[in-house]
Amino acid sequence: MSTLIIIDQPPYGSWEGREALDMAFSLAAFDQPVTLMFCGAGVNWLRKGQNAGKVGQKSVERNLAAAPIFGVEALLACTEACNRYGLTQTDLLDGVTVTAVGPELTSRYDHVTFAG
Amino acid sequence: MINRLIEQTETPARAGVFTLVITGAPYSSQAPQTALHFASAAVAAGKKIDRVFLYGDGVHLASSLAAPPSDETDLARSWSEFLLANQIPAVACIASALRRGLVNEAESKRYQLPAANLREPFEIAGLGEWVDSVASDSRILYFHRGS
């Protein structure tokens, strides 16, 4: 069973994205194939150089950097959302693949879920 | 996603067996009520609900301390009565629950908290329960808060 988890919430505004990340890590820990897709305001998760200390949170960058180590198969970013937020590949964390989101992508997974 | 409806036959899910994941909180979202309507209709139609999993803000549904006005739906009570009547296991994610002040006796002792407030028949367990559903062939439905 392969799973695609789509995070379309910005980081830091709520805990939904973080809790979706926990879902992805749990699947990986149990050897279930999982990929994370960031779209809409969710692409801001993937920015390099985040400083979340001033809002009393930990940067999500470290969590995401750990994703491949924990066995998350891929980190995907929606092309359209990256364009909207002016993010180019160099602005994004290492190992992120920019791709279109649509039925061609989602149909490759048995299970597709949104972060909230 | 929008321009193509995937037929049920294209999915690996077994027809008529559902896992419900509720992430929207009662009284902040319609998620628990919508999920209960779905679950009632499914059971009435002879379908099976194999597990209800509360995640994120959805864990508030398992509180035994909610006391809504008597002329409003008591969502926690309605859900627990439904679960007991139909012998459906229900789990609140431990990480989500601890963060939000929802604990059973064991966690209350472990963290030296002054009270426990987990309503019967809910249990507290890890995301492994959800992973188990994902790895099974039941169809998983998510009830989010919406935006």
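Student: In what order do the strands of the open sheet in chain A lie, and is the pairing parallel or antiparallel?
Tutor: Keep in mind that this is a predicted model. In chain A, 5 strands form an open sheet in the order S4-S3-S2-S1-S5, and their pairing is parallel. From one strand to the next, the twist averages 25°.

Student: What makes a strand of chain A an edge strand, and which strands are these?
Tutor: An edge strand pairs on one side only, and in chain A this holds for strand S4 (96-99) and for S5.

Student: How do you know that strand S1 of chain A and S5(A) pair?
Tutor: Two strands are said to pair if there are at least two bridges between them. Strand S1 (residues 3-7) of chain A and S5(A) have 4 bridges in the parallel sense, so they meet that requirement. One residue to look for is A:Ile6, whose bridge partner in S5(A) is A:Phe114.

Student: Where does H1(A) lie, and at what angle does it run to S1(A)?
Tutor: H1(A) lies across S1 and strand S2 (34-38) of chain A, and its direction makes about 165° with that of S1(A).

Student: Why is A:Asn44 called partly exposed?
Tutor: A residue counts as buried with 20 or more C-beta neighbours within 10 Å and as exposed with 12 or fewer. A:Asn44 has 19 such neighbours, so it falls in between and counts as partly exposed. A:Asn44 sits in the loop between S2 and helix H2 (60-65) of chain A. Apart from neighbours within four places in sequence, A:Asn44 is in contact with A:Pro10, A:Pro11 and A:Tyr85.

Student: How many residues of chain A and of chain B are in contact with each other?
Tutor: There are 19 residues of chain A in contact with 17 residues of chain B. On the side of chain A that touches chain B, the elements giving two or more residues are helix H1 (16-29), helix H5 (103-106) and strand S5 (111-114) of chain A. The largest share, 6 residues, comes from H1(A). By type, the residues on that side of chain A divide into 7 nonpolar, 8 polar and 4 charged.

Student: Turning to chain B, what order do the strands of its open sheet follow?
Tutor: In chain B, 5 strands form an open sheet in the order S4-S3-S2-S1-S5, with parallel pairing. Its edge strands are strand S4 (123-125) and strand S5 (139-143), each of which pairs on one side only. Neighbouring strands of this sheet are turned by 30° against each other on average, with direction ignored.

Student: What makes strand S1 of chain B a partner of strand S2 of chain B?
Tutor: The requirement is at least two bridges, and 6 bridges join strand S1 (residues 17-22) to strand S2 (residues 48-54) of chain B, which run parallel, so they count as paired. Along these strands, B:Ile22 stands opposite B:Leu54 in S2(B). S1(B) also pairs with S5(B), again in the parallel sense, over 5 bridges. There, B:Val21 stands opposite B:Tyr142 in S5(B).

Student: Why is S1(B) described as largely enclosed by the rest of the structure?
Tutor: Of its 6 residues, 5 are buried, so S1(B) is largely enclosed. The chain then crosses from S1(B) through H1(B) to S2(B), in a β-α-β crossover that is right-handed. Helix H1 (residues 31-44) of chain B lies across S1, S2 and S5 of chain B, and runs at about 170° to S1(B).

Student: How do you know that the radius of gyration of chain B agrees with a compact globule?
Tutor: With 147 residues, a compact globule would have a radius of gyration near 15 Å, and chain B has 16 Å, so the value agrees. The C-alpha atoms of chain B fill a box of roughly 50 × 35 × 30 Å along the principal axes. Of the 147 residues of chain B, 37% count as buried.

Student: Which pattern does chain B follow along the sequence?
Tutor: Chain B has 5 helices and 5 strands, and their pattern reads β-α-β-α-β-α-α-β-α-β.

Conventions. Residues are numbered from 1 along each chain as its sequence is written. Chains are lettered from A and ligands numbered from 1 in the order in which they are written. This is a predicted model: local features need pLDDT of at least 70, side-chain atom pairs count only at pLDDT 80 or more; totals for chains, interfaces and linings use all residues. Axes are lines fitted to C-alpha atoms, for helices over the stretch in contact, and angles run from 0 to 180 degrees between N-to-C directions. Two residues are in contact if their C-beta atoms, placed from the backbone, lie within 7 Å. Ala, Val, Leu, Ile, Met, Phe, Trp, Tyr, Cys and Pro count as nonpolar, Asp, Glu, Lys and Arg as charged, and the others, Gly among them, as polar. A crossover is right-handed if, with the strands pointing away from the viewer, the path from the first strand over the helix to the second runs clockwise. The radius of gyration is taken over C-alpha atoms; the globule rule is 2.2 Å times the number of residues to the power 0.38.
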